[in-house]
Amino acid sequence: MATYARPAADDLATQYACSVLDGKTTAGRFVKAACTRHLRDLDSGSARNLRFDVGRAKHHCGFFPAVLSVTEGAAAGKPFKLLPWHGFVVASLFGWLREDGLRRFRMAWMETGKGQAKSPLMAGIGLDMLGFDGKDRAEIYAIAGDKDQANVLFRDAVSMCRANMPDLDDDQFESLESRGDVIIRGTGDLAWKIEHPDTNSKFQSLASGDSISGPRPYAVLADEIHEFKSANPLQIWKAAIDKMSGDPLMLLGTNTPATNQIVGTEYSELFQKVVTGQAEDDSLFGFIARVDESDWETVFDNEDCWAKALPALGVTYPVDNVRSRVKTAKLLLSEALATKRLYFGMPTGAEGFWTTQELWEKCQGEVDEEALQGFPCWLSLDLSKKNDLTALSAIWLAQKDGKPHRYAKTWYFTTKVGIEDRSRDDNAPYDRWAAMKLMEAVPGATIDYKFVAAKVKDLKARHNVEFLTFDPAKIDDFIDACTEIDFPVWRFKGPEEPEGKGLKLVSHGQGTRITFVERSLCMPKSIEKLEDCILNGSVTVEGSPVTTMCAANAIVVSDPMNNRAFDKKRSRGRIDGMVSIAQASVRRSRNSSVARKRRPSHSSAEAIPKI
């Protein structure tokens, strides 16, 4: 039952919202949530000093077909009539006001599949705000990860300024440029600035890393956010927007980001929370067009769900374009992953993801460390050389639904010194993750292994830890750190050697070589075991953006016998967490000399109690 009143649908935002929620327009859950938010705020927004000005919404929606013409495609030369989803965005951005009369939304997120006319819409909004919004000296900037991409949006704006204005006879020509409403600096594709002389305003494109002196942006139009390598440019422009008085707007447009495209993923997740009501921020607007998770398995064959991610499908974007893409995607795995993400809004990992992306997502969950006390546990350590990531993983063996089930949790360590530089260089927000307690930033310029040793000691004291497996690199330094904190450990060197006192340390090979002796573990067997657990749903990996980054970055190589291993040199970034989880995945049998005897109550899979 609806929690809002259905108003008279007299504007494009309300018309679209009612059409979606009445089932007349196909939409996914995030678009439905945005529509629900709009109607609910019409009903109760006044309690938060919000109001919707239908006249302003109509005025700005009317700007497009009255002033601008379509410049590409089958509709070229015709008035720029807003698509239904366009109308929802424009009417929402300009119609919603605060008590002081300023616009409610200062930052907006538009996420759809490819080909849905995001860039022309953003260009048109930029032109509206350039000289037709009543703002003197307005500065409008189109930005993207590089100048070429920023120019895509900007060239749309230039083309609209040079195009014949709507509703003129065939023998008439009049454009914004020819009338003198705007002045375009540069010729053809080399145009670099649009000026509006009456208001002394300007519109230009910049690469995300370009610096300008004293920007005072009235609008920042950031395109293809999923391609941004760092959040720093967006943060700088957002800070500039926040300093501006009046009605500035930052508008972000993108396709659905891959899981290893951290900047886009974090922004998308923020706006998902806002539109669904998990987080409250009246200054943020989100339109996120994706197919629903229930559509994922059949998305290639279920054309009825395609419009959830492609709201212009069948209107300005031909369905045959998608059918052709899907036909190829069914034959090539790499094309399948890209198609699912770029056309249907499924946040798949990067091309070449080392395992099945959908199943990896399904194995993410919560791991209650305290509830796992007393269960068989084994640890794995991937030590950094200097100041990179060090990853410590624990795997517990318990039961789920009456079957043996593994639970994996990883702790990460880095250094405070230089963390901002590494965040930029690695395209990963280590500084924010450290502040969120998703990793520990230890003092100094290199990682002091005593912090890691202390964590291992704590786990050993509280859990039934059988052994710790390690990458041989730097292990002597770790053993020295254990000695310094009075934590006994001993290095297993084979069944013929006597056992030592304290925690057993078992070597783990990193390459594709198979180890047949009972001296160490090897990566091919560990990857195989971890993949088996993922495929059959018998492992839960604690959800963490750090671990997701490591998984998305990982590259697997194989030898002629198809023995596989992670390759740090060829991987796209840090993979330490993936290495440590894989190393911990193989647990030797009860009779193996590598594994210590377990407690009697846990001596077989059938005897492992549930949690």
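# Group meeting: helix packing and a few loop residues

Let me start in a loop. K437 sits between helix 13 (430–435) and strand 15 (440–442). Its phi is near 65 degrees, a positive value in a residue other than glycine. Is K437 buried or exposed? At 73% relative accessibility, K437 counts as exposed. Keep in mind that this is a predicted model.

R137 is found between helix 5 and strand 4 (139–144). R137 is not a glycine, yet its phi is positive, at about 55 degrees. R137 is exposed, with a relative accessible area of 61%.

Now the overall picture. The protein has 611 residues, and 54% of them are buried. Its secondary structure comes to 18 helices and 22 strands. The C-alpha trace spans about 95 × 55 × 50 Å along its principal axes. Take the contacts between residues at least 6 apart in sequence. Of those, 68% join residues at least 24 apart.

On to helix packing. Two packed helices are described by the angle between their axes and the distance between the axes. I have two pairs to show.

Pair one is helix 5, residues 118–131, with helix 6, residues 147–162. Their axes come within 8 Å and cross at roughly 60 degrees. The crossing of helix 5 past helix 6 is right-handed. Which residues make the contact? From helix 5, they are S119, P120, M122, A123, G124 and L127. From helix 6, they are V152, L153, D156, A157, M160 and C161. By class, that contact has 9 nonpolar, 2 polar and 1 charged residues.

Stay with helix 6 for a moment, and follow the chain out of it. S175 lies in the loop between helix 6 and strand 5 (183–185). S175 is buried, at 1% relative accessibility. What does S175 touch, leaving aside its neighbours within four places in sequence? The answer is C161, R162, A163 and M165.

Pair two is helix 16 with helix 18, residues 576–583. Here, too, the axes come within 8 Å, and the crossing is at roughly 90 degrees. Helix 16 and helix 18 are therefore roughly perpendicular to each other. Helix 16 brings M523, S526 and L530 to the contact. Helix 18 brings M578, V579, I581, A582 and Q583. The tally for this contact is 6 nonpolar, 2 polar and no charged residues.

Let me pick out L530. L530 lies in helix 16, residues 523–535. L530 is buried, with a relative accessible area of 1%. L530 and S585 are 55 residues apart along the chain. Their C-alpha atoms are separated by 5.6 Å.

An α-helix has 3.6 residues a turn, so residues three or four places apart point the same way.

To recap the two pairs. Helix 16 and helix 18 are roughly perpendicular. Questions, please.

Terms used
Residues are numbered from 1 along each chain as its sequence is written. This is a predicted model: local features need pLDDT of at least 70, side-chain atom pairs count only at pLDDT 80 or more; totals for chains, interfaces and linings use all residues. Side-chain values use heavy atoms; hydrogens and water are left out. Axes are lines fitted to C-alpha atoms, for helices over the stretch in contact, and angles run from 0 to 180 degrees between N-to-C directions. Helices (H or I, at least four residues) and strands (E, at least two) are DSSP runs, numbered from the N terminus. A crossing is left-handed if the near helix is turned anticlockwise from the far one by less than a right angle, and right-handed if clockwise. Contact means heavy atoms within 4.5 Å. Ala, Val, Leu, Ile, Met, Phe, Trp, Tyr, Cys and Pro count as nonpolar, Asp, Glu, Lys and Arg as charged, and the others, Gly among them, as polar. Buried means under 20% relative accessible area, exposed over 50%, partly exposed in between (1.4 Å probe, protein chains only). Angles under 35 degrees count as roughly parallel, over 145 as roughly antiparallel, 65 to 115 as roughly perpendicular and the rest as oblique.
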